[in-house]
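Here is a walk through one structure. Have the sequence and the model at hand.

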Amino acid sequence: MSTVPAHNLDLMAPPVVKTIQQRSLLVGVVFGIIAVLGAWLRPEEFFRAYLLGYMAWLGLTLGSMAILMLRHLTKGAWGMVIRRILGAAMRCMPLMVVLFLPLLLGFPKLNVWARPLDSIQDQHLKEHLREITGSYLSVNGFVIRAAIYFAVWYALSFFLTKWSAEQDHPPLRDSSARFKALSGPGLILYGFTFTFAAIDWVMSIDPSWISTIFGLCILIGQVLSALCFAVVVERILFRYKPMSDLLKPEQVHDHGKFMLTFIMVWAYFSFSQWLIIWAGNLPEEITWYFRRLHGGWQFVGLFLIVFHFFVPFFMLLSRSFKRDITRLVWLASWMLVARYIDLFWHIEPSFSETFTVTLADLAIPFAMGGLWIAYFCHNLSARPLVPAYDATAQDVLEPAHE
């Protein structure tokens with residue numbers, strides 16, 4: 001086995017990352033100004049789009065943390081080359097905490113249960129809200145639970161980051177045992193906390209509807225988004241050293257197989273939710289799907305069935321396609337768009353019975369995304385792309401230092 005050099009300069013991200021950071025920040029500022037004007041002119045549309053954009057970029061942050069913990073459990077070489085990409089995305093958590101604050105200001109506009117009961121005309125809904133707001137949905141409970149979610153996510157991110165940073169300096173060490181000890185319970189905590197976060201932040205928009213699998217539908221989408229984002233980033237870095245030396249077809253193949261797996265799981269969860277509600281045929285359950293199968297929303301749903309599942313599924317059956325990063329990246333990029341459309345289909349019909357796209361729906365995700373990617377690039381360029389003093393990384397590093 002080759003000896004790891006005493007310094008890691010050859011493993012640092014290429015200068016193009018700084019260039020992307022500067023351009024992304026500019027995009028975030030420009031679209032941020034447009035978003036602020038939209039908030040002043042049309043606040044209701046702004047907060048709806050803000051929730052949509054927030055859930056999309058939070059998904060990349062949390063999904064990256066989930067895949068990182070999965071890699072620590074399996075110790076697979078497939079995850080070593082994207083480990084620092086996932087870690088840089090995970091470390092965007094402080095930004096997501098700050099971006100959550102406007103939702104606290106606007107959630108009475110998003111959630112009918114947060115408004116005075118006297119302002120609600122529907123007597124049946126008023127009685128239902130009186131019951132659930134007394135037991136679960138309350139302003140104080142909403143804020144306290146959000147604080148707990150972020151505390152758990154930040155704690156997981158903190159320890160994963162701290163232990164990973166230690167592997168950038170000698171001596172050579174194997175920290176896989178403590179990573180594994182944290183990642184097992186961490187994945188359970190992630191699944192548990194985000195399920196309730198999805199209930200609080202998205203499902204409670206329609207408080208008369210419930211689904212026990214709703215959180216998992218959003219969660220698996222987060223993991224899929226994060227993996228696709230990692231594929232896009234590794235393709236950009238593949239043009240430069242050291243990623244051009246580190247990334248092998250076998251690892252790209254594994255990433256493609258994981259994409260196929262997560263797409264299938266997303267389809268399974270989504271179909272299971274629909275099947276259970278269709279079989280039950282209860283008035284309080286079918287309203288959610290009824291709204292999304294009329295008014296033009298049915299075409300969005302059909303679009304997702306074809307282009308979020310069937311087309312990617314059959315493309316990823318090809319072994320040669322999964323092993324070619326120059327082709328796989330196009331599908332990964334498309335899946336990021338499809339993930340946004342899926343969140344759009346989950347959130348927007350709760351506010352509009354007919355298919356509608358506003359300027360805020362387009363501007364706010366770009367505003368958040370510009371800031372998020374700029375922060376991500378800052379995180380990515382701060383550390384080597386591979387922890388050189390991680391004993392489990394030596395098989396990946398060896399070809400690059402022969």
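Is Phe303 buried, exposed or partly exposed? Phe303 is partly exposed, because its relative accessible area is 27%; buried means under 20%, exposed over 50%, and partly exposed lies in between, with a 1.4 Å probe and protein chains only. This is a predicted model, where local features need pLDDT of at least 70, side-chain atom pairs count only at pLDDT 80 or more, and totals for chains, interfaces and linings use all residues. Residues are numbered from 1 along each chain as its sequence is written, and side-chain values use heavy atoms, leaving out hydrogens and water.

Now look at the rings. The whole structure holds 43 aromatic pairs. Rings of Phe, Tyr and Trp (its six-membered ring) pair if their centres lie within 6.5 Å; planes under 30 degrees apart count as stacked, over 60 as edge-to-face and the rest as tilted. Tyr190 and Phe194 are stacked, at 6.5 Å centre to centre and 25 degrees between the planes. Both are buried. They sit about one helical turn apart, because four residues separate them in helix 8 (residues 176-201).

Phe303 pairs with Trp334. Their centres are 5.8 Å apart and their planes at 65 degrees, so this pair is edge-to-face. It links distant parts of the chain: Phe303 is in helix 13 (residues 297-315), Trp334 in helix 15 (residues 325-347), 31 residues apart. Helices are DSSP runs (H or I, at least four residues), numbered from the N terminus. Trp334 is partly exposed, because its relative accessibility is 29%.

Ring pairs also join Tyr54, Phe100, Tyr149, Phe150, Trp153 and Trp201 into a cluster.

Notes: Helices (H or I, at least four residues) and strands (E, at least two) are DSSP runs, numbered from the N terminus.
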